[in-house]
Amino acid sequence: MLPRTRIAQVLQSGVVGDKIAVMGWVRTKRDSKGGFSFLEVNDGSCMSNLQVIAEKGLPNYESEVMKLQTGCSVRVSGTLVASPGKGQKVELKGEEIHVYGWADPDTYPLQKKRHSFEFLRTIAHLRPRTNTFGAVARVRNSLSHAIHTFFQERGFLYLHTPIITGSDCEGAGEMFRVTTFDLQNVPRTDGSVDYGKDFFGSPANLTVSGQLEAEIYALSMGDVYTFGPTFRAENSNTSRHLAEFWMVEPEMAFCDLDGDIELAKSFLKFLFRHVLSNCREDMEFFNKFIDSTAIKTLEDLVEQDFEHITYTEAVDILTRSGESFEFPVKWGTDIQSEHERYLCEKVFRKPVVLTDFPREIKAFYMKCNEDGKTVRAMDVLVPRIGEIIGGSQREDDYETLRRRIEESNLSLEAYWWYLDLRKFGSAPHAGFGLGFERLLQFVTGMANIRDVIPFPRTPGNLSF
Ligand code: ATP
Ligand code: MN
């Protein structure tokens with residue numbers, strides 16, 4: 001039996017006369033009057049289908065080939081012939097067609113018509129067989145690879161930070177608890193839960209960020225990055241939030257906020273350039289069916305400089321804009337996604353790097369500026385999405401950090417090791433977090449974050 005050739009490879013380098021076998025799923029079948037059929041076969045390796053011609057002379061033509069329908073899985077062995085149709089150079093003349101699995105057209109949910117993304121979410125086991133979700137999966141894969149390439153080429157060390165943690169990264173109460181307690185019968189001492197009897201002997205959570213652990217390794221290995229799942233139990237039902245999402249977090253020793261911003265910008269540009277040159281076919285699909293500006297947006301970004309303004313300047317622009325926002329803007333309050341989008345889409349028409357936020361609205365570990373009011377934080381905002389990256393220079397001064405932990409009502413004991421890093425060989429360091437799904441949303445033009453991750457987890461929804 002011939003080994004399997006991927007359709008991507010056939011369409012790229014197959015030549016007339018090649019004897020090959022492909023395996024995949026039938027997208028469509030057309031029967032021609034002359035006693036033959038055309039099958040469009042897709043194997044996930046690329047957007048395009050391979051056209052297969054099946055002639056009446058095949059031993060199973062009437063018993064099987066005629067009965068093939070959308071969704072059936074097949075192996076087709078045969079010879080490549082010149083394709084009279086436009087679009088592809090070759091098609092496969094089937095000499096042997098084996099059916100692996102049937103798909104009853106009366107019950108197979110993916111029929112030729114276009115289904116809504118809402119409906120497709122209810123069949124997450126079948127949606128990767130559609131053009132859109134196939135393309136998302138390939139771009140997601142390609143960008144994952146590019147992320148590693150970017151950092152590895154620059155000498156960064158890939159660090160595995162823990163999924164289960166005993167620390168709450170930002171003191172935010174948005175964590176998923178990890179426990180082996182029988183919830184019907186939780187051990188208590190004097191009315192309060194006795195975590196000493198739980199699996200770890202203390203409270204445990206799913207991580208919301210690998211940053212604190214990445215800082216440990218940055219302060220010994222220099223430049224590190226993480227790329228892994230993070231979990232947030234925030235009850236925000238938006239098109240930009242997931243309860244489980246993937247984050248890329250570089251952390252650099254001997255680096256300040258400016259160096260951090262420089263890295264973030266070259267990182268994003270590298271990824272956009274990568275997608276433009278490596279995911280052409282899928283990007284053309286998104287451009288045609290999802291967002292007609294998708295390719296142009298990326299091409300412009302690779303050339304353009306990002307705008308850079310401080311939080312204080314942004315508040316000025318927003319309050320003077322005359323725009324009526326749902327959340328009013330005032331110095332000291334958080335910038336909401338409507339404001340982020342207004343800045344990128346209406347004011348600057350490009351990505352914006354916002355820096356120097358008020359201390360009160362940012363995490364305790366961000367380095368304080370000399371003004372005593374702001375911290376060396378930065379957010380990268382992009383059109384349509386808003387915040388895609390959040391980062392900062394970290395507080396490296398022991399006393400300042402200790403004060404900030406106390407002011408934030410966090411426990412000094414819990415952060416003893418974090419403080420230790422400022423006691424022994426402390427150094428300026430900085431890093432950021434890129435939300436991988438937000439990046440994918442931005443690149444593909446997909447409107448909802450639930451459609452750029454294979455199995456989305458959101459409040460009230462865990463069906464796959
Ligand atoms: P937002 O204000 O948009 O909720 P955040 O400020 O809480 O985000 P950070 O803690 O700075 O987010 O996390 C770094 C990056 O991770 C963000 O810039 C964003 O791209 C991504 N991110 C944060 N929360 C989520 C989420 N719930 N789902 C998907 N991506 C997220
Ligand atoms: Mn943020």
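A salt bridge, as I use the term here, is a side-chain nitrogen of Lys or Arg within 4 Å of a carboxyl oxygen of Asp or Glu.

**Entry 1: ground rules.** I am working with a predicted model, where local features need pLDDT of at least 70 and side-chain atom pairs count only at pLDDT 80 or more, while totals for chains, interfaces and linings use all residues. Residues are numbered from 1 along each chain as its sequence is written, and side-chain values use heavy atoms, with hydrogens and water left out.

**Entry 2: salt bridges.** I searched the whole structure and found 27 salt bridges. One of them joins the side chains of D451 and R127, at 3.2 Å from N to O. I then looked up where the partners sit: D451 is in the segment after α12 (436-444), and R127 is in the loop between α2 (117-121) and α3, 324 residues apart. Helices here are DSSP runs (H or I, at least four residues), numbered from the N terminus.

**Entry 3: aromatic pairs.** I counted 25 aromatic pairs. My rule takes rings of Phe, Tyr and Trp (its six-membered ring) with centres within 6.5 Å; planes under 30 degrees apart are stacked, over 60 edge-to-face, and the rest tilted. F151 and F267 make a tilted pair, with 4.9 Å between centres and 40 degrees between planes. F151 belongs to helix α3 (residues 131-153) and F267 to helix α5 (residues 257-278), so this pair ties together parts 116 residues apart in sequence.

**Entry 4: two domains.** The domain assignment, which is automatic or from a database, gives domain 1 (7-101) and domain 2 (127-172 + 208-451). Their C-alpha centres lie 45 Å apart. Each domain brings 8 residues to the contact (heavy atoms within 4.5 Å).

How much area is buried between them? I get about 670 Å², with 42% from carbon and sulfur atoms; this is the accessible area (1.4 Å probe) lost on putting the two parts together, summed over both. On the domain 1 side, W25, R27 and M47 supply 72% of the area buried against domain 2. I also checked for salt bridges across this interface and found 0.

Terms used
Chains lettered and ligands numbered in written order. Helix = DSSP H or I, 4+ residues; strand = E, 2+ residues; numbered from the N terminus.
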